[in-house]
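Please keep the viewer open and the selection tool ready. The stops below are meant to be followed in order.

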Amino acid sequence: MNAKASHRSVPCGPSDARSRLVDARAFLDVAEVSDNTDVIATNAIHAAIAASDVLCCLALGERSSSANHADAVELLHPVDATAANSLRRCLDLKTKAAYEARDLSAKDAAATVRRAIHLVEAAERALLTAP
């Protein structure tokens, strides 16, 4: 386990990764069929988080359990810096999409879905090549 992240992570393995990939795909499926930008973005963000868990479970044997989502980005970064950046950019919109009265723009919602797709596809590839 990563000593730096041990206080905010939990152990996980390939079976956990498979389960989180199912979650990621389900969140992404909802995001792709909704017509509400906040619902689209919030589900895409949850897909991105679940996909990040897949990547970390497979590469590190742990995933973030911190309430601070920045910790998940930090944990993912050494595994895949591009994926970590996509996750960070998704998470940057979480409060606006999930908790604010004003709806997220269609442009921001679409960008969040694109980033989530990138993460879910990376998670699928990682699981296919996992031992």
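Select Ser52 and display the residues around it. Leaving out residues up to four places away in sequence, Ser52 touches Ala72, Leu76 and Leu87. Ser52 sits in helix α2, and with a relative accessible area of 2% it is buried. Please bear in mind throughout that this is a predicted model.

When neighbours within four places in sequence are set aside, Leu55 is in contact with Leu76, Val79, Ala83, Leu119, Ala122, Ala123 and Ala126.

**The nonpolar core**

Now widen the selection to the largest nonpolar core, which has 39 residues. The residues with the most contacts inside this core are Leu21, Leu55, Leu76, Leu87, Leu119 and Val120. Colour the helices next: the elements that give two or more residues to the core are α1, α2, α3 (69-76), α4 (81-91) and α6 (106-129). Which element gives the most to this core? It is α2, with 13 residues.

**Ala41, also in α2**

Move to Ala41, which is likewise placed in helix α2. Its relative accessibility is 0%, so Ala41 counts as buried. Apart from residues up to four places away in sequence, Ala41 touches Ala97, Leu104, Ala109 and Thr112. Then draw a distance from Ala41 to Lys94: the two are 53 residues apart in sequence, and their C-alpha atoms are 7.7 Å apart in space.

**The cysteines**

Select every cysteine and show the sulfur atoms. How many disulfides does the model contain? The count comes to one, formed by Cys12 and Cys57, whose sulfur atoms are 2.1 Å apart. Cys12 lies in the loop between β1 (9-11) and α1 (14-33), and Cys57 lies in helix α2 (residues 37-60), so the pair ties together parts that are 45 residues apart in sequence. Looking along the S-S bond, one finds an angle of -110° about it, and the link of Cys12 and Cys57 is left-handed. Both Cys12 and Cys57 are buried.

Cys56 is buried, with a relative accessible area of 2%.

Cys90 is another cysteine to inspect. The sulfur of Cys90 is 14 Å from the closest cysteine sulfur, in Cys56, and is therefore too far away for a bond. Is Cys90 buried or exposed? With 0% relative accessibility, Cys90 counts as buried.

**Pro11 in strand β1**

Select Pro11, which is placed in strand β1. Pro11 counts as exposed, because its relative accessibility is 58%. A line drawn from the C-alpha atom of Pro11 to that of Ala67 covers 16 Å, and these residues are 56 positions apart along the chain.

**The whole chain**

The C-alpha trace spans about 40 × 30 × 20 Å along its principal axes. For 131 residues, a compact globule would have a radius of gyration near 14 Å, and the 14 Å of the protein chain agrees with this.

Switch to a surface display. The protein chain exposes about 6,700 Å², of which carbon and sulfur atoms supply 53%. Of its 131 residues, 45% count as buried. Among contacts with a separation of 6 or more, residues 24 or more positions apart account for 71%.

**Confidence**

Finally, colour the model by pLDDT. The mean pLDDT of the protein chain is 92, and 95% of its residues reach 70 or more. Over residues 1-6, by contrast, the pLDDT is below 50. Beyond near neighbours in sequence, this stretch has eight contacts in the model.

Note on methods:
Residues are numbered from 1 along each chain as its sequence is written. This is a predicted model: local features need pLDDT of at least 70, side-chain atom pairs count only at pLDDT 80 or more; totals for chains, interfaces and linings use all residues. Side-chain values use heavy atoms; hydrogens and water are left out. A disulfide is a pair of cysteine sulfur atoms within 2.5 Å. Helices (H or I, at least four residues) and strands (E, at least two) are DSSP runs, numbered from the N terminus. Buried means under 20% relative accessible area, exposed over 50%, partly exposed in between (1.4 Å probe, protein chains only). Contact means heavy atoms within 4.5 Å. pLDDT is the predictor's confidence in each residue, from 0 to 100. A nonpolar core is a set of buried Ala, Val, Leu, Ile, Met, Phe, Trp, Tyr and Cys residues joined through side-chain atoms within 4.5 Å. The radius of gyration is taken over C-alpha atoms; the globule rule is 2.2 Å times the number of residues to the power 0.38. Accessible areas come from the Shrake-Rupley method with a 1.4 Å probe; for residues, only the protein chains shown count as cover.
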